Amino acid sequence: MNVVNVNERAAHLPDAWRSQVLGLVGTAAVKVLRMDGRELAAEAHGTAEVLFVADGVLELDVEAEELTVGAGELCRVPAGAWHAVRAGSRGTLLIVEVPEEG
């Protein structure tokens with residue numbers, strides 16, 4: 001069993017907004033990334049995502065709904081949903097990519 005400090009791991013990533021896979025839980029990929037305040041263009045994925053803010057804040061638009069996700073909070077983005085990161089998002093983000101059941 002391994003203990004991972006996600007904030008420390010994110011702080012040592014070479015690039016913001018480039019996730020690193022920490023491991024798999026069943027078919028779900030658990031990733032960490034560092035947010036640096038920049039906005040990101042809208043995108044959609046073929047998998048659902050659970051976004052957990054370990055530290056800081058995530059400013060997110062999901063299907064035109066504005067969300068602010070604070071430290072200790074999470075949100076679920078369904079597969080295929082368009083979402084964009086607004087400027088001001090900073091800190092550590094834990095992402096769990098959850099394949100949709102067929």
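These legends go with a set of close-up views of a predicted model.

**View 1. Salt bridge between Glu97 and Lys31.** This is one of the four salt bridges in the structure. Here Glu97 pairs with Lys31, and their closest N and O atoms sit 2.9 Å apart. Lys31 has a relative accessible area of 14%, so it counts as buried.

**View 2. Salt bridge between Asp36 and Arg38.** In this view the side chains of Asp36 and Arg38 meet, with an N to O distance of 2.9 Å. Is Asp36 buried or partly exposed? Asp36 is partly exposed, because its relative accessible area is 25% and the buried class stops under 20%. Arg38 is partly exposed too, at 43%.

**View 3. Glu59, Asp61 and Arg86 in a salt-bridge network.** Three residues are linked here by salt bridges: Glu59, Asp61 and Arg86. Zoom in on Glu59 and Arg86, and you'll find N and O atoms 2.6 Å apart. Glu59 comes from strand β4 (residues 48–62), while Arg86 comes from the loop between β7 (83–85) and β8; the two are 27 residues apart, and their pairing links distant parts of the chain. Both Glu59 and Arg86 are buried.

**View 4. The largest nonpolar core.** This core has 16 residues, and the ones touching the most other members are Met35, Leu51, Leu58, Leu60, Val77 and Leu93. Strands β2, β4, β6 (74–77) and β8 each give two or more residues to it. Which element supplies the largest share of this core? That's β4, with five residues. For background, nonpolar side chains tend to be buried together in soluble globular proteins.

View 5. Take Leu58 and skip its neighbours within four places in sequence: what's left in contact with Leu58 is Met35, Leu51, Val53, Leu67, Thr68, Val69, Val85, Ser89 and Leu93. There is also a second, separate core of five residues, including Val6, Val30, Val32 and Leu94.

**View 6. The largest pocket.** The volume of this pocket comes to about 280 Å³. Its lining is made up of 18 residues, and Leu33, Glu43, His45, Glu49 and Ile95 are the ones nearest the centre. Strands β2, β3 (40–43), β4, β7 and β8 each put two or more residues into the lining, and β4 gives the most, with four. What kinds of residue make up the lining? Eleven are nonpolar, three are polar and four are charged.

**View 7. His83 in strand β7.** His83 sits in strand β7 and is buried, with 6% relative accessibility. Which residues touch His83 once neighbours within four places in sequence are left aside? The contacts are Ala41, Ala42, Glu43, Ala44, His45, Glu49, Leu60, Asp61, Val62 and Val77. Gly46 makes a handy landmark for this view: its C-alpha atom is 13 Å from that of His83, and the two are 37 residues apart along the chain.

**View 8. Gly91 in strand β8.** Strand β8 covers residues 90–98, and Gly91 is part of it. Gly91 has a relative accessible area of 16%, so it's buried. Beyond its neighbours within four places in sequence, Gly91 contacts Leu33, Arg34, Met35, Asp55 and Gly56. To get your bearings, look for Val3: it is 88 residues from Gly91 along the chain, and their C-alpha atoms are separated by 20 Å.

View 9. Trp17 is not a glycine, yet its phi is positive, near 65°. You'll find Trp17 in the loop between α1 (6–11) and β1 (20–25), where it is buried at 15% relative accessibility. Glu63 also has a positive phi without being a glycine, in this case about 50°. Glu63 lies in the loop between β4 and β5 (65–70) and is partly exposed, at 48% relative accessibility.

Methods
Residues are numbered from 1 along each chain as its sequence is written. This is a predicted model: local features need pLDDT of at least 70, side-chain atom pairs count only at pLDDT 80 or more; totals for chains, interfaces and linings use all residues. Side-chain values use heavy atoms; hydrogens and water are left out. Buried means under 20% relative accessible area, exposed over 50%, partly exposed in between (1.4 Å probe, protein chains only). Contact means heavy atoms within 4.5 Å. A nonpolar core is a set of buried Ala, Val, Leu, Ile, Met, Phe, Trp, Tyr and Cys residues joined through side-chain atoms within 4.5 Å. On a 1 Å grid over the protein atoms alone, a cavity is a set of points where a 1.4 Å probe fits but cannot get out, and a pocket is an open set with protein on both sides within 12 Å along at least five of seven lines; lining residues have an atom within 4 Å of a point. Grid points are joined across faces, edges and corners, and a volume is the space filled by probe spheres set on the points. Ala, Val, Leu, Ile, Met, Phe, Trp, Tyr, Cys and Pro count as nonpolar, Asp, Glu, Lys and Arg as charged, and the others, Gly among them, as polar.
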